[in-house]
Amino acid sequence: MQNNTQLREQFSTRLGFLLITAGCAIGLGNVWRFPYITGQYGGSAFVLIYLLFLVILGIPLVSIELAIGRASRKSIGYSFETLTPGKKWYLCKYFMISGNYLLMAFYTMVTGWMLYYSYRMLKGDFTVEPLTQAQSGQYFGELLANPNAMILCTVLVTVFAFSICAFGLRKGVERITKPLMVLLFVLLVFLAVHSFFLPGFEKGLEYYLKPDFSKFTKDSIYEILSAAVSQAFFTLGLGVGSLQIFGSYMSKSRSIPYEATTIAILDTIVAILAGLIIFPACFSYDVQPGQGPGLIFVTLLSVFSNMQFGYFWGSLLFIFMLFAAVSTLIAVFENIIGISLDIFKTTRLKAVIVNMIIILLLGLPVILGFNVLSFIKPMGETSVILDLYDFVFSQNIIELGSVVYVLYASYSYGWGFDSYIKEANLGSGFSISTKLRFYFKYVLPVIVLALFAQGYIAKFA
């Protein structure tokens with residue numbers, strides 16, 4: 001094990017570890033999902049519930065992934081075998097690994113959309129004249145109907161992100177992602193400050209963060225709690241080893257609970273600031289906020305086309321979102337490459353080329369599902385192939401993967417709670433108490449399994 005640790009490449013700085021690991025968690029969901037559901041489910045009252053679940057659910061799961069990664073100095077591709085040789089836990093890794101490929105098959109496409117909109121916004125195509133939401137929706141529809149444009153943009157962002165990973169952890173991933181994340185935070189703060197001077201700032205802030213306890217009715221409380229748990233769970237990208245890989249690169253100078261909490265705080269700051277950008281802009285120009293892709297590609301496009309200096313502010317926002325998406329691509333691609341290196345003992349360059357081709361091929365049906373293959377409706381009459389990919393990943397793989405992690409780190413027939421605590425508490429910073437053994441063994445798995453069941457109930461009930 002000592003020799004293995006010495007050979008494992010590590011981050012050159014703690015800042016590099018924090019920014020890159022946070023970059024894995026910070027993605028497009030922070031930009032639109034968190035602000036929208038916060039406004040929908042009671043403003044700051046919902047934020048408090050979300051923060052509670054972040055502490056009791058998100059941070060423990062992050063700490064487990066990081067601890068397994070740091071103790072084994074391996075990706076999920078070989079960590080179970082390293083820590084518990086002779087046991088069958090490694091059989092669980094295959095469906096967890098598949099989640100990385102499934103996620104990237106559609107996340108690369110969405111990142112390509114960001115590239116497309118950033119390019120056209122910089123050209124001034126969307127700000128020549130004020131647009132209605134219907135006109136903005138038509139622009140988005142034209143993109144979805146154009147497979148050539150989507151394929152080109154998807155290939156460009158995929159090749160770019162994999163090329164960075166090809167240079168290794170320090171010379172590639174850390175060297176590029178650190179300044180990328182710094183720019184992301186600078187843009188975020190700059191745009192948030194600009195929102196303070198918009199005429200609709202007060203109304204937007206009221207919609208976003210004013211406590212609205214009238215929404216906490218007997219019929220809605222379960223839905224609100226479920227939304228808060230879901231956001232705390234999904235925003236950190238758990239269950240498929242995408243955080244574990246960076247645990248395998250981190251030093252033992254800081255305790256893992258301390259670092260996991262820092263990552264969660266960075267992720268939450270981005271989510272909250274994103275709402276401070278979006279809602280004041282919407283209320284300043286009398287545009288009702290939408291949800292999901294509609295908020296980003298339809299509603300906000302209409303907002304910036306009507307805004308003074310909209311060309312400048314819109315370009316900054318889409319570039320910010322592009323940076324957020326690319327940071328996630330690089331992080332998950334590095335996990336996929338690490339898995340290939342651990343399992344197949346191949347070279348980094350070969351792992352980059354092969355996996356890049358695999359992900360592009362897996363993503364092709366998703367792109368064509370909006371046009372050439374639009375007749376395929378796997379989840380119902382209004383669905384597309386993207387919905388199937390997202391459901392399998394979001395409602396199945398990451399929940400079950402998180403259950404595997406919790407059970408593995410909590411029970412003696414796995415790695416065991418004592419081993420997990422010993423590794424997690426190494427280094428300076430606060431530690432996890434051994435008194436939490438019952439919580440990790442029984443409460444955490446039940447919460448995650450309940451989330452898994454709720455997803456099926458909401459989808460098919």
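How many helices and strands does the secondary structure of the protein chain come to? The chain comprises 19 helices and zero strands, where helices (H or I, at least four residues) and strands (E, at least two) are DSSP runs numbered from the N terminus. The model is predicted, so that local features require pLDDT of at least 70 and side-chain atom pairs count only at pLDDT 80 or more, whereas totals for chains, interfaces and linings use all residues. Residues are numbered from 1 along each chain as its sequence is written, and side-chain values use heavy atoms, with hydrogens and water left out.

The overall dimensions were examined next. For 461 residues, a compact globule would have a radius of gyration near 23 Å, and the 22 Å of the protein chain agrees with this; the radius is taken over C-alpha atoms, and the globule rule is 2.2 Å times the number of residues to the power 0.38. The C-alpha trace spans about 65 × 50 × 45 Å along its principal axes. Of the 461 residues, 59% are buried, where buried denotes under 20% relative accessible area, exposed over 50%, and partly exposed the range in between (1.4 Å probe, protein chains only). Among contacts with a separation of 6 or more, 82% involve residues 24 or more positions apart, a contact being defined by heavy atoms within 4.5 Å.

The protein chain exposes about 18,500 Å², and carbon and sulfur atoms supply 67% of this area; accessible areas come from the Shrake-Rupley method with a 1.4 Å probe, and for residues only the protein chains shown count as cover. A nonpolar surface patch is formed by Leu122, Phe190, Phe309, Tyr311 and Phe312, which together have about 530 Å² of accessible area. Patches are made of residues with over 30% relative accessible area and no salt bridge, like charges being joined within 9 Å and nonpolar side chains (Val, Leu, Ile, Met, Phe, Trp, Tyr) within 5 Å.

A search of the whole structure identifies 11 salt bridges, each defined as a side-chain nitrogen of Lys or Arg within 4 Å of a carboxyl oxygen of Asp or Glu. One of them pairs Lys210 with Glu206, with the closest N and O atoms 3.5 Å apart. Lys210 is partly exposed at 46% relative accessible area, and Glu206 is likewise partly exposed, at 44%. Another salt bridge joins Glu334 and Arg348 at 3.0 Å, N to O. Because Glu334 lies in helix α15 and Arg348 in helix α16 (residues 348–368), this pair ties together parts that are 14 residues apart in sequence. Both Glu334 and Arg348 are buried.

Arg437 and Asp418 form a further salt bridge, in which the closest N and O atoms are 2.7 Å apart. Arg437 is located in helix α19 (residues 437–460) and Asp418 in helix α18 (residues 417–424), so the pair ties together parts that are 19 residues apart in sequence. Arg437 is partly exposed, with a relative accessible area of 33%.

The structure contains zero disulfides, a disulfide being a pair of cysteine sulfur atoms within 2.5 Å. Cys24 takes part in no disulfide, and the nearest cysteine sulfur, belonging to Cys165, is 11 Å away. Cys24 is buried at 6% relative accessible area, and Cys282 is buried at 0% relative accessibility.
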